[in-house]
Amino acid sequence: MNLSEGRARVGRQAPAPAQPAPAAAPPGVIGRARRIALEVVKFSAVGGSGIAVNFLVFNLLLHGLKWPPMVATVIASCVAMGSNYLGFRFFAYRDRASRTRRQIALFFVFSGIGVVMESALFYVGYHGLGMTSPLGSNLAKALSIVLASAFRFLVYRTWVFEQVKHGR
């Protein structure tokens with residue numbers, strides 16, 4: 001009998017029973033809710049930077065350069081729209097299919113509708129409700145952005161930056 005063989009057998013322990021692999025994220029409702037929550041966070045990050053651009057340009061034009069309020073709000077919204085496209089395309093929805101011309105056209109059509117909605121809501125607050133002070137005009141701008149952003153979120157995720165469907 002070889003002593004080294006005996007020692008190897010004595011020192012060896014039985015292998016541990018296999019542990020089941022951890023379950024993957026549920027593909028159902030919870031998984032979908034997580035994906036949408038992450039999408040909302042990314043949309044909000046890009047949207048937040050767009051809001052900062054929007055307010056900066058708006059206040060510079062309206063209160064700094066004394067431009068008319070509707071001109072200031074429309075120009076500010078359009079500048080923010082351009083910065084948002086880059087953020088959405090290359091950060092928030094970078095995993096979505098790239099259809100450059102179609103995507104850009106859809107983005108700017110829906111963003112244009114969003115600018116019209118935002119401007120109309122701002123008009124109601126500024127002229128209709130008399131929110132003409134610096135604080136009031138910024139509050140009217142904020143409310144108009146929030147309401148128009150709900151529309152933008154839905155159309156951007158549904159038609160502009162569509163989810164890629166993978167065949168099974």
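**Basis.** I number residues from 1 along each chain as its sequence is written, and I leave hydrogens and water out, using heavy atoms for side-chain values. Because the model is predicted, local features need pLDDT of at least 70 and side-chain atom pairs count only at pLDDT 80 or more, whereas totals for chains, interfaces and linings use all residues.

**Whole chain.** I found 5 helices and 0 strands, taking helices as DSSP runs of H or I with at least four residues and strands as runs of E with at least two, numbered from the N terminus. Of the 168 residues, 32% count as buried, that is, under 20% relative accessible area with a 1.4 Å probe, protein chains only. I also looked up contacts (heavy atoms within 4.5 Å): residues 24 or more positions apart account for 72% of those with a separation of 6 or more.

**H2 and H5.** I then turned to helix H2 (residues 29-64) and helix H5 (residues 134-160), which pack at an angle of about 145° with their axes 10 Å apart; the axes are lines fitted to C-alpha atoms over the stretch in contact, and angles run from 0 to 180 degrees between N-to-C directions. Among the residues that meet are Phe-43, Phe-55 and Phe-58 in H2 and Ile-145, Phe-153 and Tyr-156 in H5.

**Arg-89.** I placed Arg-89 in helix H3 (residues 69-92), and it counts as buried because its relative accessibility is 12%. Its side chain is joined to that of Gln-103 by a polar contact of 2.9 Å, a term for a pair of N or O atoms within 3.5 Å, where within protein one must be able to donate a hydrogen and the other to accept it, and residues adjacent in sequence count only if both atoms are side-chain atoms.

How values were computed. Buried < 20%, exposed > 50% of the residue type's maximum accessible area, 1.4 Å probe, protein only.
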